Each structure stands twice: as structure tokens, then as C-alpha cells.
Amino acid sequence: MTALATTLQAFFTDRLVRQRQASANTIQAYRDTLRLLLVFAADRQGKSPVRLDIDDLDAPLIGAFLDHLEHGRQNGVRTRNARLAAIRSLFRYAALRHPEHAATIGRVLAIPPKRFERRLVTWLTEAEIDALLAAPDRATWTGRRDTALFSLAAQTGLRASELIGLTRANVQLGAGAHVSCTGKGRKQRITPLTSGTTAILRGWLAERAGQPAEPLFPTQTGRALSRDALERRLAKYVAETQAKCPTMAKKRVSMHVLRHSAAMRLLRAGIDTSVIALWLGHEQIETTQIYLHADLQIKERALERTAPITMKPGRFRPTDNLLAFLEAL
């Protein structure tokens, strides 16, 4: 076996699983990235993946692979950078095991992430959320399930992976009603429920029955929903809502948009951003600042508090020849 093959195997079994104890989602993301890379490199180098060596994955090939992701697979810049992060993690591990390939590894590690435009977050207003939650047909079992699911998502801001991972035991509807989950980075957190969400979940649990360890929002066969199925259900209801709520047609609504909507609800209620970060399970409070940028009402209130400018507007006129020279540049 080549140095790449043995290093790749040890990277997963030793580095990720034993040393870092990476989550299943992290391992899956790294696996998908490196599988795509090996297929691309094997086609470029004319070798089977098992015969590829570290020097075959040099910086020009990695750069071509990243371009292939963007233009061939139509991936966004964020996805490109995430794939690059996985590749760099592998090469940092390889640097310790194979110093003889230091030149190739160093050039790959020097590849920078690509900068991208940071757009304002998309979120739903109260009227749009109400229209979305009214879309499922509550006369059907799936409609009642989806009403409970999306009501919980819009109120708590749970991630899609957290929602589909919930079990019946994660929901407590007595005094101090809340939902508990294990989120990103294996962080456990508890999110309180409003009376409206509690009533919807109480009705759903009475119909759902089952054992505590079973999925809270299952498919008709009893298995947990997949993320793709969740997004498809949401897209279906968004399309049905657009006729009654035209503003929905101007927004690309995903499960993460419901998470943003929950954060904006809290922000507009006057909740401090540090509390919102805890609510959403953010690793750093700076991540929550994106909601401050998105809320125009906060900026308008700040503008209202600004003292009127009484100084007569005018243009600076330098009184010194040197200043005049600099001003003319």
C-alpha cells in the first residue's frame, strides 16, 4: 500500500475516532470530501485510488479539485472552503507521519480559503410563519406531524439535525415545559417551550404514543425523518403558502431560515445577544451578531436617538500649502 493509503486509513481510525473522538457527522463529512478527491485524482492521474500517493495530490491538483467543486458540481464557496478544511486536516496529520513529503504537504497547506460575499440572513416575519404553519393539512397524520415539527422549529430554532434526532423522551410538557437535545459539538442544551408550542406537542404526543426512545417525528414506517425529506416537506408548504403570502415568493426558505426566524423573534423581543447565542447553541457569541446586521428596526431606533446635526455643512479647505498638496492627491 502507498503512504497515502495507510495515512488515510490511520487518519480516520486513529486521528478522528480515537484521538479527537469526532462525531458521526464530522466523520461522514470528511469521508465524503476525501472520496470525491480520490475519484477526481484517480481520473486525472490515470491510477486507481489505492495506487495514489501523497505526491499525486499536489497543490495544483487540489486547486483543480476545488475549481471542479465550484464549477463542475455547482457547489457554493462555503462548501468549497469546508472541503478544503477537511483536506488540510488530512495533510496536517500526514505531515507528522511522512516528513519526506514535506514540500508537497506544505504547498497544499498554504492554499487559502476563498473569500465570499456575506449576505444578510433571510428570516420570516410573524405573518409568514403563521401562513407556513397553516399550510399542512391537519386532517391527515403527516399534516399534524409537520405542524408540530415546524412549530417547534420556528419557536426553538433547533437545527435540522437536532430536530430529526429528537425522541419522545427529549420533550417534557409539565411544569417548565422544554425540549432537550444534543447539538453541534456534542453540546447538550435545554430550550423552553411557549404555551402554544406546548399545546401542539401535547396533542401530537397523545396521538404519537410509542416508546420514549422512538423518534419524535417519524416517517409512516416509524423511522426517523431524513434531512432531505425534511427540506422537501418544507419546500412543499412554502410553495403552497406563496399564493396567500406573496412575500414568501421572494425568499429562499430552508430549515435554517426557520432557525434565523427564531433568533430574530428573540432579538426583537429585546433579548440580549449573549442569551440568544446560548439559546441557539452557538460556540461563539460573535456568530449571533449577524442578526443585528439583519434587523433594520434596530438601526432605525438608533437613528431616532441620534442628536440632530446643527453644524452648517461645508467643505474642508486646507490653510497650509503642504495640506493643500495632500488634499489635491
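Residues are called buried when their relative accessible area is under 20%, exposed when it is over 50% and partly exposed in between, with a 1.4 Å probe and protein chains only. The structure is a predicted model, in which local features need pLDDT of at least 70 and side-chain atom pairs count only at pLDDT 80 or more, whereas totals for chains, interfaces and linings use all residues. Residues are numbered from 1 along each chain as its sequence is written, and side-chain values use heavy atoms, with hydrogens and water left out.

By the accessibility criterion, Arg189 is buried, at a relative accessible area of 10%, and Glu162 is likewise buried, at 3%. The two side chains meet in a salt bridge with an N to O distance of 2.9 Å, a salt bridge being a side-chain nitrogen of Lys or Arg within 4 Å of a carboxyl oxygen of Asp or Glu. This pair joins distant parts of the chain, since Arg189 belongs to strand E3 (residues 188–192) and Glu162 to helix H8, 27 residues apart; helices (H or I, at least four residues) and strands (E, at least two) are DSSP runs, numbered from the N terminus.

The whole structure contains 15 salt bridges. In another of these, Asp56 is paired with Lys47, the closest N and O atoms lying 3.0 Å apart; Asp56 is buried, with a relative accessible area of 12%, while Lys47 is partly exposed at 34%. A salt bridge also connects Asp32 with Arg31, with 2.9 Å between the closest N and O atoms, and Arg31, Asp32 and Arg35 are linked in a network of such bridges. Arg31 itself is partly exposed, with a relative accessible area of 40%.

With a disulfide taken as a pair of cysteine sulfur atoms within 2.5 Å, the structure holds zero disulfides. Cys181 is buried, with a relative accessible area of 6%, and Cys245 is also buried, at 10%.
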